[in-house]
Amino acid sequence: MKVEFYGHIRQYRNIQSEIDHNLKTVLESGQYVMGPMLKRFESELAAYHGSKFAVGVGNGTDAIWLTLMALGISQGDEVITHPNTFFATAEAIWIAGATVVFVDCDPQTKCIDPNKIESAITLKTKAIVPVHLYGQCADMKAIRRVADKHKLHVIEDNAQAIGAHGDGFKIGQLSDAATSSFIIQKNFGTFGDGGAVVTNNERIDAAIRKLRNHGSNQRNVHSFGFNSRLDDLHAGVLSAKLKHIDAWNDLRRKWAARYTAGLKSAKNFTLPSERKGYRHVYHLYVIETKKPEQRDAFLKVLNDAGIDAKTHYSIAIHQQPGFSWGKGAQIHGSVANAEQNAATCISLPMYPELTEQEVDYVVSKSLDWDKAQK
Ligand SMILES: Cc1ncc(COP(=O)(O)O)c(C=O)c1O
């Protein structure tokens, strides 16, 4: 049996007529960049989040640095995040010109540990970038409290958790802005790259609209800017998919529960958990081996059995070769939890279109390996 890591083609086939309809609408509109489909999708996305504004950009990395720039964050400023995220979180801070300050993650959720933030704050600190890692919200209430006390901006890196929420809070509600990635492998992905910024702040929205379009919101009138727009074909795909995102996330939750029920007796894994009152949308179902030296051997067993398991992310950002490439970076205190996560993580196949047989096959191969350990 083969179990793929992604189900892009299955998903396309399931809603092909809706996607094809929107693509045809765009193709026949004659407007492909900053056209009516982008406008429509932006208002649908804002409504989905219960936010005032959504602005489509080229990708999720640009969404972060455009937001930092819109907030005036640049060289000499410090931005706090954690090192066990996708590389782009830190990369975006560097692109904006600021210094990345890494603090440790929470050992359970793997999101930033709010208790580690305050001691990392200096006079240069301007913002915190929590990541809703693997599809579970960071503890935004605690992060907001620290941010308010020190008058810091908060930008939620929401590349992985559209449709998730916390205990009594929505994504985008307790921050200046939340950024999304629509690269195909995300819970809400297009057939290529895309991103967006969702905000209630009119100034952030207006600044990003200008920055993404060569510094222009009026024909022939420019200031310094970039080309980072979500094009209308992608907006059409996303507009069709947005109607299904809650149901797809429900399916991810169903497969996560099935993995957890199947694997809970294993002695060599730590399984993911959902915080009380939160909705985890399982962009990734990440288990950890009890010992770092077990990880690669277990991954090979799965891969050899036809299961496309992967690691997210097996090299923490501060452990990448050549770190920090001349860019401003600080590691504040121990980041042992983040390093442990990098050393032991394994992502099992996770997408809405999985089947019971596939999930059960992954569980049985994992249990076989677990039982064979001393
Ligand atoms: C946590 C996180 N931040 C940022 C990004 C960057 O998004 P993109 O690839 O669309 O630039 C990604 C995904 O790629 C991500 O997982």
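A: Helices (H or I, at least four residues) and strands (E, at least two) are DSSP runs, numbered from the N terminus, and in these terms Tyr282 is found in the loop between S8 and S9. The model is predicted, so local features need pLDDT of at least 70 and side-chain atom pairs count only at pLDDT 80 or more, whereas totals for chains, interfaces and linings use all residues. Residues are numbered from 1 along each chain as its sequence is written, and side-chain values use heavy atoms, with hydrogens and water left out.

Q: Why is Tyr282 called buried?

A: Buried means under 20% relative accessible area, exposed means over 50%, and partly exposed lies in between (1.4 Å probe, protein chains only). Tyr282 has a relative accessible area of 7%, which is under 20%, and therefore Tyr282 counts as buried.

Q: What makes the backbone of Tyr282 worth a remark?

A: Tyr282 has a positive phi of about 45° although it is not a glycine. Most residues other than glycine have a negative phi, and most peptide bonds are trans.

Q: Is Lys151, which also has a positive phi, called buried or exposed?

A: Lys151, with a phi of about 55°, sits in the loop between helix H6 (140-150) and S5. Its relative accessibility is 74%, which is over 50%, and so Lys151 counts as exposed.

Q: Which peptide bonds are called cis?

A: The bond from His312 to Tyr313 is cis, with omega near 5°, and the bond from Phe323 to Ser324 is also cis, with omega near 10°. Tyr313 is found in the loop between H10 and S10, and Ser324 lies in the loop between H10 and S10 as well.

Q: What makes S8 and S11 edge strands?

A: The open sheet of three strands has the order S8-S9-S11, with antiparallel pairing. Strand S8 (269-270) and S11 each have a single partner strand, so one side of each is left without a neighbour in the sheet. S8 pairs with S9 over two bridges, and Thr270 stands opposite Glu288 in S9. Helix H10 (residues 292-304) packs on this sheet, touching S8, S9 and S11, where contact means heavy atoms within 4.5 Å.

Q: Which strands stand at the edges of the sheet of eight strands?

A: That open sheet has the order S1-S7-S6-S5-S4-S2-S3-S10, with mixed pairing. Strand S1 (53-57) and strand S10 (329-331) stand at the edges, each with a single partner strand, so one side of each is left without a neighbour in the sheet. S10 is joined to strand S3 (residues 99-102) by three bridges, and these strands run parallel; Phe102 has Ile331 as its bridge partner in S10.

Q: Why is helix H8 called largely enclosed?

A: Ten of the eleven residues of helix H8 (residues 232-242) are buried, so H8 is largely enclosed by the rest of the structure. The buried residues of H8 pack against helix H1 (8-14), helix H2 (16-29), H3 and helix H9 (245-263).

Q: What makes Ser51 buried, and which residues does Ser51 touch?

A: Ser51 lies in the loop between H3 and S1, and its relative accessible area of 11% is under 20%, so Ser51 counts as buried. Residues up to four places away in sequence are not counted, and Ser51 then touches Ala46, Val198, Thr199 and Asn200.

Definitions and conventions:
Pairing = 2+ DSSP bridges. Axes fitted to C-alpha atoms, helices over the stretch in contact; angles between N-to-C directions.
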